[in-house]
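Look at the structure first, then follow the text.

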Protein chains: 2
Amino acid sequence: MTDCQGDGEGAKSPMDLYEQLNAQGDKVRSLKTAKADKGEVDAAVKLLLQLKVDYKELTGQDYKAGCPPSEDVVVPDNGPVEDGEDTVDPWTVATTNAKGVDYDKLIVRFGSSKIDKEVVDRIEKVLGQKPHRFLRRGIFFSHRDMHQVLEAYEKQKSFYLYTGRGPSSEAMHVGHLIPFIFTKWLQDVFDIPLVIQMTDDEKYLWKDLTLEECHRFAVENARDIIACGFDVNKTFIFSDLDYMGSSPEFYRNVVKIQKHVTFNQVKGIFGFSDSDCIGKISFPAIQAAPSFSNSFPQIFGGRKDIQCLIPCAIDQDPYFRMTRDVAPRIGYPKPALLHSTFFPALQGAQTKMSASDPNSSIFLTDTPKQIKNKVNKHAFSGGKDTVEEHRKYGGNPDVDVSFMYLTFFLEDDEQLEKIRQDYTSGALLTGELKKILIETLQPIIAEHQERRKQVTDEMVKQFMTPRPLNFKI
Amino acid sequence: MTDCQGDGEGAKSPMDLYEQLNAQGDKVRSLKTAKADKGEVDAAVKLLLQLKVDYKELTGQDYKAGCPPSEDVVVPDNGPVEDGEDTVDPWTVATTNAKGVDYDKLIVRFGSSKIDKEVVDRIEKVLGQKPHRFLRRGIFFSHRDMHQVLEAYEKQKSFYLYTGRGPSSEAMHVGHLIPFIFTKWLQDVFDIPLVIQMTDDEKYLWKDLTLEECHRFAVENARDIIACGFDVNKTFIFSDLDYMGSSPEFYRNVVKIQKHVTFNQVKGIFGFSDSDCIGKISFPAIQAAPSFSNSFPQIFGGRKDIQCLIPCAIDQDPYFRMTRDVAPRIGYPKPALLHSTFFPALQGAQTKMSASDPNSSIFLTDTPKQIKNKVNKHAFSGGKDTVEEHRKYGGNPDVDVSFMYLTFFLEDDEQLEKIRQDYTSGALLTGELKKILIETLQPIIAEHQERRKQVTDEMVKQFMTPRPLNFKI
């Protein structure tokens, strides 16, 4: 839980925590000996227990008085997945619940903080404007150190954004847009630089693809990302295969991170095994490196102290738990994070959408007719079997994929709430709900396609060229 | 033993070998059934056993009829070190024998080929000139695929040289010059390009040094290397920390190699453990990458089929056994190798010299007086305790470090042989032998220092800038 406070107190080393635990243990014992006030003892015990949890999280070991922490710290995924728990890591998202992953449980397991009303209100206050619908509706539901970022921002201290994409195919679906739609909003409202990593090297290592294919997918996907409307003066998009070979500073950070993470650690965090290739084993350092501002000297002039904020889907958190563990040990600030839920497949919220199954999602290349057919044919319904029953008992929006999609794409809160009520009461039929979704998605996709058409090769080249951005140091 | 033939037959895959074994097993059975001639049966059995050894070496598994080889091929160091055997890997060289490592045993263990008289004669024939004293005297004693290189060269097919240095300090000693002296000779007589890798990233990962220190050592060591007389039009020296961040093609090859080597394999080859950092685990790919010509498009215009010849000390062979295993799987030719023995410490041939012990070796910065004092004071002597005994029984040049050093640095074969005979007979005293060594080393070191002084920053920059070299494709 050391990470959830967002109090900017800086990194605690295992040894710091060990010593704090020793002191707290002493305190509890002396309070008990002195027969102190029950409330006081309880508070001291509570802190002791919390420190033990923190210690276990940081070191992977149980605290034991007299046994200082060993060097080889493991950053665990807060223990193995228990029966009935969801599986969430960068390669697998699985749940048996039709409502999707239990995100509250995930917050506890990952040790992050919930984006509750207080956080949303604070963002609204700092910005002086209404927060994005993804924040209002809990689509970005979890964070690390967001309070620290906002505090610094209030004191005129700038930060930068980092997000990314693994380009495993040419085809992107609407779910892939979620982090980019939100990141564009963050860029606009905070007026800050953004770096977008295309992990074509990762896709080469994990998939049965050639380097050339992965690189081509990176450039093609960059077109869709640019079409989200990013400001070329504030955005740098890079392919790992290109940028690693163009920036000695980036490689230096990769090597620094690789020196400070052991195989034991990546085994614990990512589940790698001895028969995994050495490329996979060392890759997490490459996804970590853009979290540090001196990986981009052309943007930040060699400064290493500019805080990074990473909006991403929660399945990417293991990479950044590792990054946050390494950061203080190599003299860099920990990146802050904003985590999103997963965009459900048309067939239901049990899994993430798959780029390889054309019927699992709405693709960015789909025609209005394809969108209509897919929603009508494949979108899992929370409605009843017959109109009569539906009118009588009402539908269940919590498992209805069309309704879920509307929470992502329908801007008007009141309209959405009305749809929810009408669907729940049975006043709104499944066919009518689907029609609203179709009419919401069709223009969004068509406009995206129109913007993508206007993205020229020259523009892609410009976005992908290392260069200074608008950033006042 | 697949590697020792140097017959240019190309790489045998585990599956090829498995099938050859099946066929040979069938042949032995049918010969026995047919009660064939004993000599014929014996020859067939001998080949079968040899194939089984080859299979074990290539796959790390025992051959078993009916069980095709698994994907996860381990390249072993031909089994663990037995009691009394020498330890030779990139980080440890240890022997209990005063004559030094048993190099003939090493050839068998590593599965390389001896540079015997036939190989030396062939090099002489191909070149039309006397081979370097390091070849004549067995200092470069082992090879892989040298016949293939020579055959291709005779057919006007060019190749290139690759060697390197791990810059762990500013101080280089005479032993560090051995591969460079020899490589310069190879460059001169074959008139071919040379790439020299300074593994500053490796030193950062292995040692308690900063990135800046390692990079500075790389540049300082490059001065000493340049002072060996390399031709700037045919030589590219690069720091990994710089070149990885300047060449997307180099990084692409690193990733390709990293995809095709598992943790199991590097564990088997290099003895890495779970508590090693992920930088160490993936580093071998970085030392492997310069073995492939398309890592240097500025030199070879993107060609990937130009054979590489690597002169290096035998302790670096594990890296290149791995490289040779990977090469055919990613469509590149295997690099050929020339292995040198170790340059003995002044205290004796039991270990390599150490850059951190100033009395273990002659440094390139030593004054004539220091050289004289070190040789007189520290060079282990093979002579007898008193002049009388020495005159009577003679000295032992095989353990005498001064004599060993002369085999490295005295050019005249006849003079060296006379010294050997006189020392063995007792006609030459230890003090006299040391005097000859001192007088041989002093001008070599002084001349090196003179040449190093003339190496300007501008020259270092030129050698270390990626650029085309004189090379006719």
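A salt bridge joins the side chains of A:R452 and A:E220, with 3.2 Å from N to O. The term means a side-chain nitrogen of Lys or Arg within 4 Å of a carboxyl oxygen of Asp or Glu. Between domain 2 of chain A and domain 3 of chain A the count is 7 salt bridges. Polar contacts there number 13 residue pairs, both residues at pLDDT 80 or more. A polar contact is a pair of N or O atoms within 3.5 Å; within protein, one must be able to donate a hydrogen and the other to accept it, and residues adjacent in sequence count only if both atoms are side-chain atoms.

The model is predicted: local features need pLDDT of at least 70, side-chain atom pairs count only at pLDDT 80 or more, and totals for chains, interfaces and linings use all residues. Residues are numbered from 1 along each chain as its sequence is written, chains are lettered from A in the order in which they are written, and side-chain values use heavy atoms, without hydrogens and water.

Where do the two domains lie in the chain? Domain 2 of chain A covers 94–345 + 458–464, and domain 3 covers 368–454. These bounds come from an automatic or database domain assignment. Their centres, taken over C-alpha atoms, are 30 Å apart.

In contact (heavy atoms within 4.5 Å) are 23 residues of domain 2 of chain A and 19 residues of domain 3 of chain A. On the domain 2 side that touches domain 3, 14 residues are nonpolar, 1 is polar and 8 are charged.

Terms used: Nonpolar A, V, L, I, M, F, W, Y, C, P; charged D, E, K, R; others polar.
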